[in-house]
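Please brief me on this protein chain.

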Amino acid sequence: VRFANLRALPSAGAHVVTRLVRNAEVTTVDRRGEWVFVRVGEGANQRQGWLASSVLKDMEAASSTGSE
């Protein structure tokens, strides 16, 4: 997937807040079924909304293997 739609509500028919490019870093805030509420960007450029969980790459496993 080259782009992912960040939506206002956890629904495929909801208004698209913005489009995220592949590998954009997001902060997970909440989960609801197959949807994840995220924040992206900082300050005045910060956006938040819902992404389908299928478009996210889970980085928890990768971050837990860091050096001690």
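Of the 68 residues in the protein chain, 19% count as buried. Buried means under 20% relative accessible area, exposed over 50%, and partly exposed in between (1.4 Å probe, protein chains only). This is a predicted model: local features need pLDDT of at least 70, side-chain atom pairs count only at pLDDT 80 or more, and totals for chains, interfaces and linings use all residues. Residues are numbered from 1 along each chain as its sequence is written, and side-chain values use heavy atoms, with hydrogens and water left out.

**Overall layout**
- The protein chain has one helix and five strands. Helices (H or I, at least four residues) and strands (E, at least two) are DSSP runs, numbered from the N terminus.
- From the N terminus on, the order is β-β-β-β-β-α.
- Among contacts between residues at least 6 apart in sequence, 26% join residues at least 24 apart. Contact means heavy atoms within 4.5 Å.

**Strand β4 and its partners**
- Strand β4 covers residues 35-40, and five of its six residues are buried.
- Strand β3 (residues 27-32) pairs with β4 in the antiparallel sense, over five bridges. Two strands pair if DSSP finds at least two bridges between them.
- β3 and β4 form a hairpin with two residues between them. Gly33, in that turn, has a positive phi of about 65 degrees.
- β4 and strand β5 (residues 47-52) also run antiparallel, joined by six bridges.
- The hairpin of β4 and β5 has six residues between the strands. In its turn, Gly41 has a positive phi of about 85 degrees.
- Val38 of β4 is the bridge partner of Thr28. Val38 also stands opposite Gly49 in β5.

**Arg7**
- Arg7 lies in strand β1 (residues 3-7).
- Arg7 is buried yet has no salt bridge. A salt bridge is a side-chain nitrogen of Lys or Arg within 4 Å of a carboxyl oxygen of Asp or Glu.
- The nearest side chain of opposite charge, Glu34, is 14 Å away. Lys and Arg count as positive and Asp and Glu as negative; His and the chain ends are not counted.
- A polar atom of the Arg7 side chain lies 2.6 Å from the backbone oxygen of Ala14.
- Leaving aside neighbours within four places in sequence, the contacts of Arg7 include His15, Trp35, Gly49 and Trp50.

**Confidence**
- The protein chain averages a pLDDT of 85, and 82% of the residues score at least 70. pLDDT is the predictor's confidence in each residue, from 0 to 100.
- Over residues 60-68 the pLDDT is below 50. Beyond near neighbours in sequence, this stretch has zero contacts in the model.
- Where pLDDT is low, the predicted coordinates should not be read in detail.

Terms used
A polar contact is a pair of N or O atoms within 3.5 Å; within protein, one must be able to donate a hydrogen and the other to accept it, and residues adjacent in sequence count only if both atoms are side-chain atoms.
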